[in-house]
Amino acid sequence: MPRQRQPDWERDEWLLALDFYLRHQGAPLPGKRSAEVKELSNKLRSLRGSLPGLLPLPESFRNPAGVEMQLYQFVGFDPSNELKGLRPTRLAREIWDVYAGDAARVSKIAARIVEMSGANFSIPSAESLGVSEALEGRVLTYEHVRRERNPKLTRKKKEKFQDEHEGRLFCEVCAFDYERRYGERGRGFIEAHHTRALADLPRKGTRIRLEDLVLLCANCHRMIHRTRPWLTTSQLGNIIANP
Ligand SMILES: [Zn+2]
Ligand SMILES: [Zn+2]
């Protein structure tokens with residue numbers, strides 16, 4: 001069989017690697033023969049079971065030697081480490097710049113990614129979901145979209161909103177009202193957006209609270225997810241107020 005090129009690392013994988021790196025910062029980095037790097041290698045392999053393509057995984061995929069090498073990309077950015085690092089990829093650089101100063105957040109995100117990714121289940125790309133992939137990676141991007149498109153939950157949210165607004169439904173950022181604009185055809189139409197930071201997504205199996213959803217028109221919702229980092233609704237509100 002021809003040797004397969006190792007696929008590029010995804011954002012989720014870099015986040016797991018950065019979490020590992022930060023937890024060992026200030027001490028010698030565990031090497032490829034260590035139990036720690038083996039454990040990280042296993043985590044990356046099982047995460048990959050949730051991403052499309054490449055099943056069954058070749059044995060060389062994210063093996064400890066390869067993982068050790070990638071960890072050295074962070075060494076290159078790390079002013080507290082005097083070893084010479086590897087030439088960084090764009091994605092490793094971005095993840096480092098955004099997260100290296102916040103080990104606690106990376107650790108939460110990494111834990112969520114591992115928790116939310118079930119093996120042998122293909123997680124769609126952000127592109128196919130119509131959003132830009134969040135800084136927090138593909139697994140949590142999918143979780144965000146999946147939760148806010150949960151029909152039962154959005155129906156409850158709409159009902160509650162209508163009870164509080166004389167039966168009307170409108171965008172909580174720009175006030176667009178589908179029924180006013182489109183008449184009968186627009187009645188009952190609005191999207192829900194989940195406002196929790198992805199690192200704080202409720203654990204698998206826990207209920208999503210209606211308070212964590214806001215109702216948005218399709219335009220506002222797309223603008224929030226159009227590029228990284230995703231905007232908060234108040235950031236979007238500010239843009240509309242001062243374009
Ligand atoms: Zn709107
Ligand atoms: Zn959303």
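This tour moves through the structure one selection at a time and says what is found at each stop.

**Before selecting anything**

The model is a predicted one, in which local features need pLDDT of at least 70 and side-chain atom pairs count only at pLDDT 80 or more, while totals for chains, interfaces and linings use all residues. Residues are numbered from 1 along each chain as its sequence is written, and chains are lettered from A and ligands numbered from 1 in the order in which they are written.

**The whole chain**

The chain has eleven helices and two strands, where helices (H or I, at least four residues) and strands (E, at least two) are DSSP runs numbered from the N terminus. Followed along the sequence, these elements come in the pattern α-α-α-α-α-α-α-α-α-β-β-α-α. Of the 243 residues, 30% are buried; a residue is buried if 20 or more other C-beta atoms lie within 10 Å of its own, exposed if 12 or fewer, and partly exposed in between, with C-beta atoms placed from the backbone. Among the contacts with a separation of 6 or more, 63% are accounted for by residues 24 or more positions apart, a contact being two residues whose C-beta atoms, placed from the backbone, lie within 7 Å.

Select residues 35–48, which form helix α2, with 14 residues and a reach of 20 Å from the first C-alpha to the last. That reach is close to the expected 20 Å, the expected span being 1.5 Å times one less than the number of residues. Now colour V37, L40, K43, L44, L47 and R48, the buried residues of this helix. Seen down the axis of α2, they fall within an arc of 135°, so they line one face of the helix; the arc is that of the directions from the helix axis to the C-beta atoms. These buried residues pack against α1 (11–23), α3 (64–77) and α5 (103–116).

Then move to R62, in the loop between α2 and α3. R62 is buried, with 25 other C-beta atoms within 10 Å, and its phi is near 50°, a positive value in a residue other than glycine. Most residues other than glycine have a negative phi, and most peptide bonds are trans.

**Helix α4**

Next select residues 90–99, helix α4, and pick out A92, I95, W96 and Y99, which are its buried residues. Viewed down the axis of α4, they lie within an arc of 100°, so they line one face of the helix. Their cover includes α1, α3 and α5, whereas the face turned away from the buried side carries the exposed residues R90 and D97. R93, also in α4, is partly exposed, with 15 other C-beta atoms within 10 Å.

**Where α5 meets α7**

Show α5 together with helix α7 (residues 138–148), which pack at an angle of about 70° with their axes 9 Å apart. Axes here are lines fitted to C-alpha atoms, for helices over the stretch in contact, and angles run from 0 to 180 degrees between N-to-C directions. The two helices are therefore roughly perpendicular to each other, the term used for 65 to 115 degrees. R112, I113 and M116 of α5 make the contact with V139, L140 and E143 of α7.

Between α5 and α6 (126–129), stop in the loop at P124, which counts as partly exposed with 14 C-beta neighbours inside 10 Å. Leaving aside residues up to four places away in sequence, P124 touches L129 and Y142.

**Later in the chain**

Select E166, in the loop between α8 (151–164) and α9 (178–182). With 6 C-beta neighbours inside 10 Å, E166 counts as exposed, and its phi, near 50°, is positive in a residue other than glycine.

Go on to helix α10, residues 218–225, where C220, H221, I224 and H225 are buried. Seen down the axis of α10, these residues fall within an arc of 130°, so they line one face of the helix, and they pack against β1 (191–194), β2 (213–216) and α11 (233–241).

The tour ends at P229, in the loop between α10 and α11, where a cis peptide bond joins R228 and P229 with omega of about -15°.

Conventions: Angles under 35 degrees count as roughly parallel, over 145 as roughly antiparallel, 65 to 115 as roughly perpendicular and the rest as oblique.
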